[in-house]
Amino acid sequence: MEEQREILAAAVVSAWASVCLPQAEIERLRPQPGPTYRKPLSPKTLRFADDQTVAGMSALLHAIHNRGWHDRSFADWGVIGVPRFLGRTVTASNIHRSQADPAFSISPHIIPNQCLHSISGAVSVALGIHGPNFGVGGGPQAVSEGLVTGLSVVAELRIPGLWIICTEFDPEPVPEPGGQPRNAPIVHAAAMAIEGSASGISLHLYRQSSSISHAGSVKNLAAFLLHPKTEPRWQCAMDGIGVVELITTAQ
Amino acid sequence: MQTGRPVWITGIGTANPLGVSLAETARNLLAGRPGVRVIDRFDTRKHNSKVAGLVDAIPVPSGWSATDFAELERMDQLATWCGSEALRDSGWWDKRSAIRIGIVLGNGGEWLRLWEADSITGGNRIFDPCQDTATTVQNLKKRFGLSGPAVTVAAACASGNYALAEARKWIQRGWVDVCLAGAVDLTISPLGLASFDNLRALSTKRNDTPQRASRPFDKDRDGFVMSEGGVLFVLESERSARRRGAKGYAEIAGFGASSDAFHLVIPSSDPQPMAAAMRQAMADAGTSADQIDYVNAHATSTPVGDAGESRAIKLALGEFAARVPVSSTKGMTGHLICAAAAMETMACIAAFENQAIPPTINLDELDPECEGLCHVRNNAIQRPVAVALNNSFGFGGSNTCMVLRRIQ
């Protein structure tokens, strides 16, 4: 018998894609990390972007391509970026350089490109999104924070849709002082188009005193989005509210 | 769903360059007293910009020993001070475990700052990911024993407005009973200063006269002055506040957000997206340009930004732009980066509490590009203030506007 649950918010994931990339591949993908949307990205778009931003853009472009939205405008949509520990390798490199020269050697691109708002800002510029853009999470609970915030934004229905871009390294890079990783980090990214009503994967937030305790990871979210029909349900806990759930529905 | 319920601010906690309470901050804002000075925390000889708004010592909250508090990381200290003061001010502190209290915290570069601060003190956490186990907001939730959800949001300088807007929605939907919301930032570090400096965003002409360096709308402005601090607010429904007889500082009446979709750093020369955020906020509040009593401008003292915002205000307010008083309090506070919007929400509340509008200081010669507005120049003005707009625009082309309404 199913536990009694109160639905607090609901929406539909109408387009999605996920990627799993060795960090070593990011530089190759940087100029155009996925299928072309409308026109190729300007070489400047992701030139200084964090690796997680490149992976997030890759997932996003694949989601647009998979759904056949090549000509659709997202001008009145919003976007939230949901990274985890953004900027570790770049910051390590800058801290190392600052020991020799604390001022002029420091990159001016840290603040625009390695902060919590950076993924959403880059996507907004790349796709011409004029709705809200902001970052959510940043730490270990990022996925549940991002999905709950996405549902909160969409429930207001002031915008027709919202892109949620979740990214993380797993394993995290373990940088040398100069910034190069001494391990082989993998970046995972999941991009989801959230709409109030459409066909696709159902996204719900339930109030539920649940036995689920994990806050979710991009790695397992990305795996679910890769084969949503094989595993029909994905869940994570949002401490203090309940459970976020994705359920594959018949289309 | 209980959307549309009015949401009030019933508690405030702050530490900023002008004070560690609303009353102290308001006194300094209305006196036009700047909190900017020469940076003495680290060696700035190789930096072009050497001035900032600094918070020296974060006060120890009631109930904490100074020794225990000193063991907290500085960002945790700031969030703990602001959060506990806000909850005490609202009357919820002693009853915090009896209700669902959530937290929405604006905080954009917390890992960068933490990794650098740790490195400066000889730590190695940037090289050891296992040490990164919780965000500031999750630490705060645990430390206070709160049972509601906790989320970090960031839109650079607009972070605080997004935090307040999310918290308002959580209360309106009944996801929480009460919410702590606002923003904290401690960006004044060698790396933070150098990064903004190398973006050519900072004022460098007045290192010898720091109190004159931040000069929004002035013809001779040359960039912004970094600053630090935080403000957290307690939000709850009007019904809850009235039922327990709580003081309401302001209603969060409306919110608007848009994006330039132009550049990660440079604001668009097109004023439409900024104006759209302002119009959305007024529509959400059910108010119109003729009813606005004060605009707290984002105006950071950069040549491009202040002129662009002036155009946007004129576009959004139309014929009323020349009549509605406008000031940027960053002349006094400097730019608190992610905490700027929260700081300026408090400046609007200071205007409500004192029925006076804080000035834009150092506005000696108005830039012709910023003409056409009713600037409050150098001295506060006494006048009725019931509805205020708080503009905050951030890197990533993120534009936000909050409408605050005085509680009569």
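At what angle do the axes of helix α3 (residues 74-90) of chain B and helix α5 (residues 136-144) of chain B cross? The model examined here is predicted, and local features need pLDDT of at least 70, side-chain atom pairs count only at pLDDT 80 or more, and totals for chains, interfaces and linings use all residues. Residues are numbered from 1 along each chain as its sequence is written, while chains are lettered from A and ligands numbered from 1 in the order in which they are written.

The model scores ipTM 0.97 and pTM 0.97. Chain B has an average pLDDT of 97, and 99% of the residues score at least 70; pLDDT is the predictor's confidence in each residue, from 0 to 100.

The axes of α3(B) and α5(B) come within 10 Å and cross at roughly 50°. That makes α3(B) oblique to α5(B), since angles under 35 degrees count as roughly parallel, over 145 as roughly antiparallel, 65 to 115 as roughly perpendicular and the rest as oblique. Axes are lines fitted to C-alpha atoms, for helices over the stretch in contact, with angles running from 0 to 180 degrees between N-to-C directions. The crossing of α3(B) past α5(B) is right-handed, that is, the near helix is turned clockwise from the far one by less than a right angle. On α3(B) the contact is made by B:Met75, B:Asp76, B:Ala79, B:Thr80 and B:Gly83, and on α5(B) by B:Thr136, B:Asn139, B:Leu140, B:Arg143 and B:Phe144. Four residues of this contact are nonpolar, four polar and two charged (Ala, Val, Leu, Ile, Met, Phe, Trp, Tyr, Cys and Pro count as nonpolar, Asp, Glu, Lys and Arg as charged, and the others, Gly among them, as polar).

Between the chains, the contact takes 54 residues from chain A and 56 residues from chain B, two residues being in contact if their C-beta atoms, placed from the backbone, lie within 7 Å. On the side of chain B that touches chain A, two or more residues come from each of α4 (110-120), β5 (150-154), α6 (159-172), α7 (190-198) and β8 (250-259) of chain B. The most is given by α7(B), with seven residues. Helices (H or I, at least four residues) and strands (E, at least two) are DSSP runs, numbered from the N terminus. That side of chain B divides into 28 nonpolar, 20 polar and eight charged residues.

Strand β3 (residues 133-136) of chain A is joined to β5(B) by two bridges, and the strands run antiparallel. Opposite B:Val153 in β5(B) stands A:Val136.

Terms used. Pairing = 2+ DSSP bridges.
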